[in-house]
Amino acid sequence: MTRRNFLTVPLALCAPATALSVLAQTPELEGGVLRVGVLTHYKPFSFVEGQLQGFDVDVLKRLAAILKLELKIQPEGMANLQKKLITGEIAVIANQLLTTPENRRQFDFVRPYAANQLVCVQHEDDSRDFLSLDDLLGKKLGVLANTGVEEQARGALGKSVLAFASIDLAFKQLAEKKLDAVLEESLIADFYIERDGLPIKVTSPFAPPLSAGWVVRKGNKVLAQRLSEAVQTLLSDGSFKPISAKWFGYDVSRPSVSHTSLPR
């Protein structure tokens with residue numbers, strides 16, 4: 001399960017000696033190669049526009065440098081990534097997967113470096129309070145098509161829900177005041193607000209915040225530990241903040257800061 005189902009349910013270049021001993025016990029990293037899979041179409045986390053890029057991709061490159069490993073990335077759909085993880089073709093899925101009970105049954109998680117939640121996004125001039133789906137009855141609500149969010153919103157609101165093939169189209173219509181609100185992940189909303197300078201804002205949360213992180217094959221706690229140590233180095237050595245600012249405009253390892261109109 002990826003983060004599409006909200007409503008239904010981080011300048012030390014050398015690893016320490018203790019970390020190197022763990023590395024030696026990690027067969028997935030033998031030969032000095034880190035084989036990872038990322039989603040092909042998951043903007044802003046990983047996507048192909050001319051070349052593979054994204055927030056998770058930049059973090060991945062930094063972690064490979066911390067670990068002193070060669071990086072080999074395979075962009076795929078989630079079904080293929082899960083198959084390759086099980087067969088050992090890749091060691092890690094390096095995207096932001098929610099730490100839901102379902103995902104914890106399937107994978108072991110690496111230490112997260114960001115948190116996320118479903119939020120309401122409104123025009124910056126809009127002072128109305130939309131705190132639940134009931135508050136959006138009779139209002140034009142934009143959502144991403146073919147998601148759990150669309151399914152539940154339609155069940156509650158019917159035809160007033162407008163589904164978009166790409167969420168940036170919904171944000172543009174919201175900026176033009178053609179929609180009353182959009183429901184989307186907070187990090188994705190922050191990305192488009194920062195990138196496009198849209199006159200829109202994150203307002204109320206529609207689901208509790210959930211940590212999200214990379215996953216390894218279930219039971220592979222040694223690899224998860226090694227990658228988690230690298231994430232800790234990333235968060236403590238100052239190299240994470242510029243990566244986060246590039247994509248979101250702020251440090252997403254601190255979930256109390258966002259493009260929000262609400263006091264945190």
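# Helices, contacts and backbone angles

Tutor: In helix H8 (residues 221-236), the buried residues are Leu223, Ala224, Arg226, Leu227, Ser228, Ala230, Val231, Thr233 and Leu234. Buried means under 20% relative accessible area, exposed means over 50%, and partly exposed lies in between (1.4 Å probe, protein chains only). Helices (H or I, at least four residues) and strands (E, at least two) are DSSP runs, numbered from the N terminus. The model is predicted, with local features needing pLDDT of at least 70 and side-chain atom pairs counted only at pLDDT 80 or more, while totals for chains, interfaces and linings use all residues. Residues are numbered from 1 along each chain as its sequence is written, and side-chain values use heavy atoms, with hydrogens and water left out.

Student: Why are H2 and H8 described as roughly perpendicular?

Tutor: Axes are lines fitted to C-alpha atoms, for helices over the stretch in contact, and angles run from 0 to 180 degrees between N-to-C directions. Angles under 35 degrees count as roughly parallel, over 145 as roughly antiparallel, 65 to 115 as roughly perpendicular and the rest as oblique. The axes of H2 and H8 come within 9 Å and cross at roughly 105 degrees, which makes the two helices roughly perpendicular. Their contact (heavy atoms within 4.5 Å) joins Val59, Arg62, Leu63, Ile66 and Leu67 of H2 to Arg226, Leu227, Ala230, Val231, Thr233 and Leu234 of H8. The residues of this contact divide into 8 nonpolar, 1 polar and 2 charged, where Ala, Val, Leu, Ile, Met, Phe, Trp, Tyr, Cys and Pro count as nonpolar, Asp, Glu, Lys and Arg as charged, and the others, Gly among them, as polar.

Student: What is noted about the phi of lysine 68?

Tutor: Most residues other than glycine have a negative phi, and most peptide bonds are trans. Phi of lysine 68 is near 55 degrees, a positive value, and lysine 68 lies in the loop between H2 and strand S5 (70-76). Phi of lysine 177 is also positive, near 60 degrees, and lysine 177 is found in the loop between helix H6 (167-175) and S12. As for the peptide bond from lysine 43 to proline 44, it is cis, with omega near 10 degrees.

Student: Why do lysine 68 and lysine 177 count as exposed?

Tutor: Lysine 68 has 58% relative accessibility and therefore counts as exposed, and lysine 177, with a relative accessible area of 52%, is exposed.

Student: Why does lysine 140 count as partly exposed?

Tutor: Lysine 140 has 47% relative accessibility, so it counts as partly exposed. Lysine 140 lies in the loop between strand S9 (118-123) and strand S10 (141-144) and touches Ser160, Lys178, Leu179, Asp180 and Ala181, not counting residues up to four places away in sequence.

Student: Why is valine 182 called buried?

Tutor: Valine 182, in strand S12 (residues 181-185), is called buried because its relative accessible area is 0%. Leaving out residues up to four places away in sequence, valine 182 touches Val119, Cys120, Val121, Leu141, Gly142, Ile167, Ala170, Phe171 and Leu174. Valine 182 and cysteine 120 are 62 residues apart in sequence and 5.8 Å apart in space, C-alpha to C-alpha.
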